[in-house]
Amino acid sequence: MKKTINLGIFAHIDAGKTTLTENILLESRLTKDLGKVDKQTSHVDTMDLEKSMGITIQSTSVRIELENAVINLIDTPGHADFYSEVERVIPVIDGAVVVVSSVEGIQAQTVKILSLLQSQGVRILFFINKLDAAGADVSAVINHIHGQLNMETLVMQTWDTNGKSPLVKRRSEASLFEALQVEYAEKQLPFLSDLLLERHIMPVFVGSAKLSLGIRDILWGITHFIPEQQPLAVDFSALVYKVGFQEGGGRQCYIRVFSGSVHLLKKIYNTRTGQFEKVMRLYGYDGLKLKQETELRANEIGVLCGIQAKVGDILGTADGIRTLPHKTQSLFQINVIPSDGSQSVHLYQALRKLQEEEPSINIRWNAAVKEIWMDVLGEIQLKVLQYKLLKQYNLAVSYGKPSVIYKETPRKKAPSRCVRAYTPPLS
């Protein structure tokens, strides 16, 4: 039986993450042509705004069938404005491919993502991209990972950039083990696969997604070094990591099943609300598309309709479910102005729905001045919200002048004093 791997792909913006994802889809024969960001033909960037801006805005799931494994791959945004989307994906994955540009190297968003992945015990594979680009320095990136990030690495390939086009070749297990013995001569090493599986060493792969170079190697690494997670419970348990709305307004709850199974037209328990709700429709992934199903089993990703769950809700039993202890905080507050003043109520209701999709924003009504205000992360997020309001709700809006959300934090603990007050008796 094939194992099921839930995989996230992460990177700083413009590191080539989506191009790598498109190559994986092509190599696994899920697509017949290579989707390209610059030509707006990417298969995983489905929003018109994503295609026109050339960036990933929302996480997208696909199901890939290989000879020895099924991979539920989640492509995530790289821009800092959508980091909360990254946070929500991490609890539902078993392993991660972190894409790093060999030109720009480790960047701020990459460091943040790596720290979060490590804290959650997610298995990490590196893919150092853009081997063909001018200024590429793979060795410097590897040294940065090993030194400044304090992560033990093992380079899984050799490469040559002296010819007209770069070449990469996967190293044999014997040569890899020999390299480890040289580096850790004083230690008695177990099998190489055990070191990699137990996260003592991070595998590093090299290539060029633009040239479709190193794709088979990283796929090999995914299927060999990321194990299937074993259910920690018998009863049904799942985590809602994303919420969306259909054109008719119906709520779509994206879940990862950790144990047991969920069935169509059956009631499931929400640990937050303490209520049972019936699943009216149920979808699983069939390649790039959602397909109606009657059941979702352990380690599968799918969509439930008919329940009123929110992002972060645990369905069924909470046993074995990993949740994140913190959330991304908004940085700016801004006034949202409808082009038609009579649509303020409609706008407020639409924004509240968008807040269900993106919990990092905070919508509030200022009754004193009769204005709608919103807390957001940045300018790109504002453009996306403006686009969604027009596309999904036919509401044209503009924004006022943004202001920074200031939060006061004590610089040091103040000394405590106990003061006794004497109140004289009334005469």
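Strands here are DSSP runs of E, at least two residues long, numbered from the N terminus. Keep in mind that the model you have open is predicted.

**Stop 1: Ser237**

Select Ser237, which belongs to strand 10. Is Ser237 buried or exposed? Its relative accessible area is 0%, so Ser237 is buried. Now show side chains. The Ser237 side chain makes a polar contact with the side chain of Ser259, at 2.7 Å. Next, display what surrounds Ser237. Setting aside neighbours within four places in sequence, its contacts include Arg256, Val257 and Phe258. Leu315, Thr317, Asp319 and Ile321 are also among them.

**Stop 2: Tyr241 and Tyr254**

Turn to the aromatic rings. How many aromatic pairs are there? The count is 3. Select Tyr241 and Tyr254 for one of them: the pair is edge-to-face, with 6.4 Å from centre to centre and 65° between the planes. The two residues lie 13 residues apart, and the pair links distant parts of the chain. Tyr241 is in strand 10 (residues 237-245), while Tyr254 is in strand 11 (residues 251-259). Color by accessibility. Tyr241 is at 3% relative accessibility and therefore counts as buried. Tyr254 has a relative accessible area of 11%, so Tyr254 is buried too.

**Stop 3: Tyr269 and Phe276**

Move on to Tyr269 and Phe276. Their rings form a tilted aromatic pair, 5.1 Å centre to centre with 50° between the planes. Phe276, at 55%, counts as exposed.

**Stop 4: arginines over rings**

Select Arg170 and Trp220. The charged end of Arg170 sits over the Trp220 ring, 4.1 Å from the ring centre. Then pick Arg256, a contact of Ser237 from the opening stop. The charged end of Arg256 sits over the ring of Phe258, 4.5 Å from its centre.

**Stop 5: strand 9**

Finish by selecting residues 202-206, which make up strand 9. Why is strand 9 described as largely enclosed by the rest of the structure? Because 5 of its 5 residues are buried. Look at the side chains. Met202, Val204 and Val206 point one way, Pro203 and Phe205 point the other way, and all are buried.

Strand 5 (residues 123-129) runs parallel to strand 9 and is joined to it by 3 bridges. Find Phe126: its bridge partner in strand 9 is Val204. Strand 6 (residues 153-155) is also parallel to strand 9, with 3 bridges between them. There, Thr153 has Met202 as its bridge partner.

Definitions and conventions: Residues numbered from 1 in each chain as written. Predicted model: local features only at pLDDT ≥ 70, side-chain atom pairs only at ≥ 80, totals over all residues. Heavy atoms only, no water. Phe/Tyr/Trp six-rings, centres within 6.5 Å; stacked < 30°, edge-to-face > 60°. Helix = DSSP H or I, 4+ residues; strand = E, 2+ residues; numbered from the N terminus. Buried < 20%, exposed > 50% of the residue type's maximum accessible area, 1.4 Å probe, protein only. Lys NZ or Arg CZ within 6 Å of the ring centre and 35° of its normal. Polar contact = N/O pair within 3.5 Å; in protein donor to acceptor, adjacent residues only side chain to side chain. Contact = heavy atoms within 4.5 Å. Pairing = 2+ DSSP bridges.
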